[in-house]
Amino acid sequence: MSKNIVIHDYDITRSHRNKVNGHDSFVLWFTGLSGSGKSTIANKVEEELFYKGIHTYALDGDNIRSGINKGLGFTKEDRYENLRRIAEVAKLFVDSGVVTIAAFVSPLISDREQVKEIVGKEDLIEIFVDTSLEECENRDVKGLYKKARAGEIKNFTGIDAPYEAPENPDLKISTEEISVEMAVKQIIDYLEETHRI
């Protein structure tokens with residue numbers, strides 16, 4: 001950080017915003033292969049929270065890579081920077097009093113550890129959307145696996161770039177065993193049981 005940057009302390013803090021909102025702020029971080037169901041489940045979780053009167057905002061590859069991270073590619077270095085920026089944005093949302101829902105492949109354990117360090121481990125709930133590569137390829141909603149197999153997309157997670165499954169996620173959702181509705185219930189139940197909402 002530049003020596004010329006001086007952090008200003010504002011009188012209104014996160015705790016003030018949480019009090020006004022009537023709930024804590026934190027990040028739900030969905031990780032899993034492309035096509036695993038991250039965004040679908042995240043969308044439904046946000047909907048459920050919204051109708052409970054909880055202030056939310058969802059971040060995903062589409063709204064991030066079409067804006068703040070538009071110039072980044074999919075090399076290891078660019079992926080690292082992509083997630084670093086997302087984590088910093090999520091941290092700002094948490095400070096603003098919002099429950100932030102982030103759905104990103106985030107393939108490497110080291111990258112997700114970096115996210116936890118930036119956001120704060122106590123403020124991040126890691127949700128592993130566990131779906132086999134075979135099932136994700138069968139779904140291939142965006143046609144990306146087909147392109148990756150044809151060599152049209154390089155550094156595609158699961159094909160020619162690794163995915164390291166979380167070792168101890170807060171929640172593991174097995175989409176080949178349960179429906180989207182059941183997955184949403186599992187997450188909402190967890191948030192209620194841990195007194196986050």
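Which residue has a backbone nitrogen 3.0 Å from a polar atom of the side chain of His23?

1. **Basis.** This is a predicted model, in which local features need pLDDT of at least 70, side-chain atom pairs count only at pLDDT 80 or more, and totals for chains, interfaces and linings use all residues. Residues are numbered from 1 along each chain as its sequence is written, and side-chain values use heavy atoms, with hydrogens and water left out.

2. **Overall fold.** The chain has 8 helices and 5 strands. Both are DSSP runs, numbered from the N terminus: helices are H or I with at least four residues, strands are E with at least two. In sequence order the pattern reads α-β-α-β-α-α-β-α-β-α-α-β-α.

3. **Size and packing.** Along the principal axes, the C-alpha atoms fill a box of roughly 55 × 45 × 30 Å. Contact means heavy atoms within 4.5 Å. Among contacts between residues at least 6 apart in sequence, 75% join residues at least 24 apart.

4. **Surface.** Of the 197 residues, 42% count as buried. Buried means under 20% relative accessible area, exposed means over 50%, and partly exposed lies in between (1.4 Å probe, protein chains only). The chain exposes about 11100 Å², and carbon and sulfur atoms supply 51% of it. The areas come from the Shrake-Rupley method with a 1.4 Å probe; for residues, only the protein chains shown count as cover.

5. **His23.** The opening question has His55 as its answer: its backbone nitrogen lies 3.0 Å from a polar atom of the His23 side chain. A polar contact is a pair of N or O atoms within 3.5 Å; within protein, one must be able to donate a hydrogen and the other to accept it, and residues adjacent in sequence count only if both atoms are side-chain atoms. His23 sits in the loop between α1 (14–21) and β1 (27–31). Its relative accessible area is 8%, so His23 is buried. Leaving out residues up to four places away in sequence, His23 touches Asn18, Gly53, Ile54, His55, Gly97 and Val99.

6. **Helix α5.** Its buried residues are Asp111, Arg112, Gln114, Val115, Lys116, Ile118 and Val119. They pack against β1, α4 and β4 (124–130). An α-helix has 3.6 residues a turn, so residues three or four places apart point the same way. After α5 comes Gly120, with a positive phi near 110°.

7. **Arg112.** This residue lies in helix α5 (residues 109–119). Arg112 has 3% relative accessibility, so it counts as buried. Its side chain makes a polar contact with the side chain of Glu126, at 3.1 Å. Apart from neighbours within four places in sequence, Arg112 is in contact with Thr31, Ser106, Pro107, Glu126, Tyr163, Glu164, Ala165 and Pro166.

8. **Two positive phi values.** Ser106 is not a glycine, yet its phi is positive, at about 35°. Ser106 lies in the loop between β3 (99–103) and α5. Ser106 is buried, with a relative accessible area of 2%. Asn155 is not a glycine either, and its phi is positive at about 60°. Asn155 lies in the loop between α7 (144–149) and β5 (171–174). At 33% relative accessibility, Asn155 is partly exposed.

9. **Aromatic pairs.** Rings of Phe, Tyr and Trp (its six-membered ring) pair if their centres lie within 6.5 Å; planes under 30 degrees apart count as stacked, over 60 as edge-to-face and the rest as tilted. The count is 5 aromatic pairs. One of them joins Phe50 and Tyr51, edge-to-face, with 5.5 Å centre to centre and 75° between the planes. Both Phe50 and Tyr51 are exposed. Tyr57 and Phe93 have ring centres 5.1 Å apart and planes at 10°, so this pair is stacked. The pair links distant parts of the chain, with Tyr57 in strand β2 (residues 56–60) and Phe93 in helix α4 (residues 76–95), 36 residues apart. Tyr57 is partly exposed at 38% relative accessible area, and Phe93 is partly exposed at 23%.

10. **A charge over a ring.** Arg65 lies over the face of Phe74, 4.0 Å from the ring centre. The rule asks for NZ of Lys or CZ of Arg within 6 Å of the ring centre and within 35 degrees of the ring normal.
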